[in-house]
Amino acid sequence: MNWRTIIYVVLLVSLTVAKALPGTSQDVEGKTSIGQRFSQLHENNFKAIALIVFAQYVPGRTFGIAARMAERVTALARSCAAAARDSPDCLKPLDRIFFDTICQEKNLPRIADCCAKEDSERNDCFLSLKNFSQGFIPPLQRPDAKAACRNYSQHQQPLTAYFTYEVSRKHPFLPAPTILSAALRYEEMMKRCCGGEEDPSQHLEECFQTQVPKVVMPVREDALRQEHTCGILKKFGERTLKALKLTQISQKFPKADFVTVHKLVMDVADMHKDCCRGDTLDCMQDREDLLQYVCSNQHILSSKIQQCCEQPLLQRSECIIHVENDDKPAGLSPHVREFIEGKGICERFAQEKDTHLARFLYEYSRRHPEFSAQMLLRIGKGYEDLLQECCRPGAPSGCLSRGEEELRKHIYETESVMRTSCDIYNEKGDYYFQNELLMSFTKKMPQLTSTELIKFTKEMTTIGSKCCQLGQDKLLPCAEENLDLVLGEICRRHLADPINPGVCRCCSSSYAFRRPCIGKLEVDESYVPLALTPGLFAFHGDLCTTEEEKLQHRKQEMLITLLKYKPQISPEQLGSVTAAFSAMRERCCGEANPETCFLKEGPELIKRSEKMLSA
């Protein structure tokens with residue numbers, strides 16, 4: 001059976017996957033053999049998932065090698081299921097069989113040391129290779145349309161399986177269900193663009209140009225979210241990750257009791273620990289167990305997830321993540337005064353600090369779906385600080401009562417920041433709003449390249465277009481939680497190549513306060529401005545392009561250079577320089593030879609601008 005058919009079969013797999021590929025501990029404790037796994041999962045599903053495992057653990061090798069290893073381990077599983085159940089090879093834990101198969105290959109890069117180790121040490125060694133391989137493989141590229149359709153029509157290459165392999169090796173930490181969902185979208189794209197019958201008038205290149213983002217973007221978004229979550233776990237620890245998941249789960253399932261929510265938080269945190277380690281098998285098992293629990297307990301969790309739980313397994317997780325929050329229980333007060341006015345608060349805080357704080361966060365989060373998870377974490381931290389101050393010996397009476405006033409103040413400040421940002425976006429539109437962000441972030445982080453600054457501020461502008469049209473009850477969760485992803489990217493960039501002390505402080509001190517901290521950063525005083533060299537400001541004929549997007553990009557690059565040259569530039573000075581530049585551009589682009597005009601007028605503009613800036 002060909003690989004394309006295999007992928008289709010995988011995408012129809014049911015909850016048997018939950019039992020089919022457990023991690024090391026379950027294999028050892030349950031004595032479940034590879035033959036039993038093969039029977040539960042069936043050959044085609046087993047083989048496709050094996051391809052993902054090998055592509056992720058040995059990303060430096062070819063598709064042929066990964067497919068050959070998948071064939072080999074599938075053949076063993078088939079024989080174990082048929083007759084050889086008592087063979088020593090059939091009784092090995094599944095992870096050991098996979099690693100033994102890798103170690104049988106010759107000349108694989110950097111695996112000799114791992115293969116010399118035993119069991120858990122060998123597993124950890126292979127996981128470290130995943131970390132090493134990240135960043136060395138180029139991102140997915142748009143396929144050559146004609147060649148792809150020729151291969152698709154002639155069945156000369158197992159294209160969907162090859163796509164699965166490419167996504168797996170480029171994203172070695174991405175969960176298998178996400179990859180298999182991407183494979184389905186890829187197959188649908190190939191049918192739509194190469195089939196010809198449904199829409200014969202559609203141009204091949206245009207079809208791929210339209211459809212490729214629908215295939216690639218969900219992979220990138222899921223990979224970004226996975227990397228973001230793992231970054232939180234790595235930098236701020238398990239306690240912070242659990243607190244974040246507690247707020248999110250409490251908002252999504254406000255009718256669930258604290259014990260149920262706490263169980264889900266622990267399970268989700270354990271899943272992320274395995275996934276962030278890169279343990280493909282344990283990650284997959286954890287995810288399927290979690291889905292099975294959620295869908296088996298809909299009656300105590302949410303009335304909104306029935307439709308998700310009726311979907312094929314691979315769509316279930318994404319559906320539940322994006323489903324709207326359940327309705328709050330009737331009569332649920334917006335306040336939690338029992339945590340301020342109740343008796344024995346300080347005793348409970350002293351005896352069971354984390355549980356008491358978790359109950360407060362649970363109760364407050366389930367009451368306020370209109371708040372972002374990050375804001376709720378800041379509220380939780382404010383409550384913890386209040387208890388530490390008011391529960392100490394000698395604290396004045398009525399100390400706790402000021403908590404509500406401080407809470408209202410923080411809520412007002414956060415909502416004001418978001419409203420102001422949206423007012424600016426609605427007034428200026430995408431391009432000029434991004435320019436405002438560029439001016440702010442170039443001063444905060446002048447060490448970033450022009451490409452990085454434009455990329456990050458473009459992502460922030462997209463958040464404005466997405467969130468500022470929403471009502472007040474949806475604005476904060478949309479804006480701050482999406483902005484958190486971009487700030488996470490910036491902080492991971494800082495971790496790889498330090499930006500400046502201010503960014504270091506904001507990215508390291510507190511996850512919940514990262515956004516307000518970066519928002520308050522001003523001009524980086526440690527930065528040494530660019531020197532005015534002959535080539536710093538270069539004006540050429542490309543400024544006369546009629547393609548608005550290219551012209552805007554060129555202008556933004558020049559704006560960044562100007563800000564790196566004069567970080568303390570005032571709005572008035574910037575306005576004067578911009579007006580002088582626009583006049584020069586209009587004049588030169590009206591000439592028969594714009595390049596000659598720019599060569600003459602450019603140096604004069606720089607001299608005049610220098611006088612404006614030194615005034």
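**Overall picture and selected sites**

Author: The accessible surface of the protein comes to about 29,900 Å², and 53% of this area belongs to carbon and sulfur atoms. The model is a predicted one.

Reader: How many helices and strands does the protein have?

Author: The C-alpha atoms of the protein fill a box of roughly 90 × 75 × 50 Å along the principal axes. Within it, the count of strands is zero, and the count of helices is 29.

Reader: Among contacts between residues at least 6 apart in sequence, what share joins residues at least 24 apart?

Author: A contact here requires heavy atoms within 4.5 Å. Among the contacts in the protein between residues at least 6 apart, the share that joins residues at least 24 apart is 72%.

Reader: What does helix H24 reach from its first C-alpha to its last, and how many of its residues are buried?

Author: Helix H24 covers residues 472-496, which is 25 residues. At 1.5 Å a residue the expected value is 36 Å, and H24 comes close to it with a reach of 37 Å. H24 is mostly covered, and the number of its 25 residues that are buried is 19.

Reader: Which residues of helix H7 are buried?

Author: Helix H7 runs over residues 94-104 and is mostly covered, with eight of its eleven residues buried. The buried residues are Leu-94, Asp-95, Ile-97, Phe-98, Phe-99, Asp-100, Thr-101 and Ile-102.

Reader: Is Thr-160 buried or exposed, and which side chain does a polar contact join to the side chain of Thr-160?

Author: Thr-160 is found in helix H11, residues 159-170. Because its relative accessibility is 1%, Thr-160 counts as buried. A polar contact of 2.5 Å joins its side chain to that of Glu-187.

Reader: Where is Asp-279 placed, and with which residues is Asp-279 in contact beyond its neighbours within four places in sequence?

Author: The "binding site" annotation in the unreviewed UniProt entry covers Asp-279. Asp-279 has its place in the loop between helix H14 (258-277) and helix H15 (280-296). Its relative accessibility is 5%, so Asp-279 counts as buried. With neighbours within four places in sequence left aside, Asp-279 is in contact with Tyr-57, Asn-123, Leu-127 and Asp-274.

Reader: Why do Tyr-425 and Phe-433 count as buried, and what angle lies between the planes of this aromatic pair?

Author: Tyr-425 is buried because its relative accessible area is 12%, and Phe-433 counts as buried because its relative accessibility is 8%. Ring centres within 6.5 Å make a pair, and planes over 60 degrees apart make that pair edge-to-face. Tyr-425 and Phe-433 form an edge-to-face pair at 5.4 Å centre to centre, with an angle between the planes of 90°.

Reader: Which residues do ring pairs link into a cluster?

Author: The count of aromatic pairs comes to 20. Ring pairs link a cluster that consists of Phe-339, Phe-360, Tyr-364, Phe-371 and Tyr-383.

Reader: With which residues is Gln-388 in contact, leaving aside its neighbours within four places in sequence?

Author: Gln-388 is found in helix H21. At 39% relative accessibility, Gln-388 counts as partly exposed. Leaving aside neighbours within four places in sequence, the contacts of Gln-388 are with Phe-349 and Lys-353.

Reader: What distance separates the C-alpha atoms of Gly-541 and Arg-239?

Author: Gly-541 lies in the loop between helix H26 (514-520) and helix H27 (548-565). Gly-541 is partly exposed, with a relative accessible area of 25%, and is in contact with Glu-595 and Phe-598 when neighbours within four places in sequence are left aside. Arg-239 is 302 residues away from Gly-541 along the chain, and their C-alpha atoms are separated by 56 Å.

How values were computed: Residues numbered from 1 in each chain as written. Predicted model: local features only at pLDDT ≥ 70, side-chain atom pairs only at ≥ 80, totals over all residues. Heavy atoms only, no water. Helix = DSSP H or I, 4+ residues; strand = E, 2+ residues; numbered from the N terminus. Expected span 1.5 Å × (residues − 1). Buried < 20%, exposed > 50% of the residue type's maximum accessible area, 1.4 Å probe, protein only. Polar contact = N/O pair within 3.5 Å; in protein donor to acceptor, adjacent residues only side chain to side chain. Areas by Shrake-Rupley, 256 points an atom, 1.4 Å probe, with all protein chains shown as cover. UniProt positions renumbered as here; feature names shortened; annotations may be inferred. Phe/Tyr/Trp six-rings, centres within 6.5 Å; stacked < 30°, edge-to-face > 60°.
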